[in-house]
Amino acid sequence: MRWDIGMPNLGHTADSGTVQSWHRNTGDRISKGDIVLTVESDKVAIDVEAPATGYLRAILHQAGTEVPIGTTLGLLTTGADEPWESAPLPEAAVGPSPHAAPATAPLES
């Protein structure tokens, strides 16, 4: 099973937050409730806890990155070798495929 670790709500006026630091590394086994990372807004810093026991499989936003509230910051899975690739990537990490066909201009009649 997979869980997303998301940017929490940082207050009524905050629409984004900054990843301050990750306290765990990709591949680490984590227990539910362990502090995984710290995020901050202009007014507060919050420790983010693991939503379940499992393995930190991916860190999608590094320290110093500002992201919107609700954005997935990392991925946790039950097993260390469990597939998680079906997770959506952050928009900044998604680019055109190197194998994509080139765009063509519309034909004029």
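## Basis of the values

The model is predicted, so local features need pLDDT of at least 70 and side-chain atom pairs count only at pLDDT 80 or more, while totals for chains, interfaces and linings use all residues. Residues are numbered from 1 along each chain as its sequence is written, and side-chain values use heavy atoms, with hydrogens and water left out.

## Chain overview

The chain has 8 strands and 0 helices; helices (H or I, at least four residues) and strands (E, at least two) are DSSP runs numbered from the N terminus. From the N terminus on, the order of elements is β-β-β-β-β-β-β-β.

Of the 109 residues, 33% count as buried. Buried means under 20% relative accessible area, exposed means over 50%, and partly exposed lies in between (1.4 Å probe, protein chains only). The accessible surface of the chain is about 7,100 Å², and carbon and sulfur atoms hold 52% of that surface. Accessible areas come from the Shrake-Rupley method with a 1.4 Å probe, and for residues only the protein chains shown count as cover. Among contacts in the chain with a separation of 6 or more, 59% are between residues 24 or more positions apart; a contact means heavy atoms within 4.5 Å.

## The four-stranded sheet

An open sheet of 4 strands runs in the order E1-E8-E6-E3 with antiparallel pairing. Strand E1 (2-6) and E3 are at the edges with a single partner strand each, so one side of each has no neighbour in the sheet. Two strands pair if DSSP finds at least two bridges between them.

E1 and E8 run antiparallel and are joined by 5 bridges; in this pairing Ile5 stands opposite Gly74 in E8. E6 and E8 pair in the antiparallel sense over 4 bridges, and Ala58 stands opposite Leu75 in E8. E8 is mostly covered, as 6 of its 6 residues are buried.

## Nonpolar core

In soluble globular proteins, nonpolar side chains tend to be buried together. A nonpolar core is here a set of buried Ala, Val, Leu, Ile, Met, Phe, Trp, Tyr and Cys residues joined through side-chain atoms within 4.5 Å. The largest such core has 17 residues, and those with the most contacts inside it are Ile5, Trp22, Val36, Leu37, Val39, Leu56 and Leu73. At least two core residues come from each of strand E2 (16-22), strand E4 (35-40), strand E6 (54-59) and strand E8 (72-77). E4 supplies the largest share of this core, 3 residues.

Not counting residues up to four places away in sequence, Leu73 touches Ile5, Gly6, Met7, Val19, Trp22, Leu37, Val39, Ala58, Ile59, Leu60, His61 and Val67.

## Salt bridges

A search of the whole structure finds 2 salt bridges, each defined as a side-chain nitrogen of Lys or Arg within 4 Å of a carboxyl oxygen of Asp or Glu. One joins the side chains of Arg2 and Asp4 at 3.0 Å, N to O. Arg2 is partly exposed, with a relative accessible area of 29%, and Asp4 is partly exposed at 34%.

The side chains of Asp34 and Arg24 also meet in a salt bridge, at 3.2 Å, N to O. This pair links distant parts of the chain, 10 residues apart: Asp34 is in the loop between strand E3 (29-30) and E4, and Arg24 is in the loop between E2 and E3. Asp34 is partly exposed at 23% relative accessibility, as is Arg24 at 22%.

Thr38 is in strand E4 and is buried, with a relative accessible area of 5%. Its side chain makes polar contacts with the side chains of His23 (2.6 Å) and Asp47 (2.7 Å). A polar contact is a pair of N or O atoms within 3.5 Å; within protein, one must be able to donate a hydrogen and the other to accept it, and residues adjacent in sequence count only if both atoms are side-chain atoms. The C-alpha atoms of Thr38 and Gln20, 18 residues apart along the chain, are separated by 5.4 Å.

Ser41 is in the loop between E4 and strand E5 (45-49) and is buried, at 16% relative accessible area. The side chain of Ser41 reaches the backbone nitrogen of Lys43 at 3.1 Å. Leaving aside neighbours within four places in sequence, Ser41 is in contact with Leu10 and Ser16.
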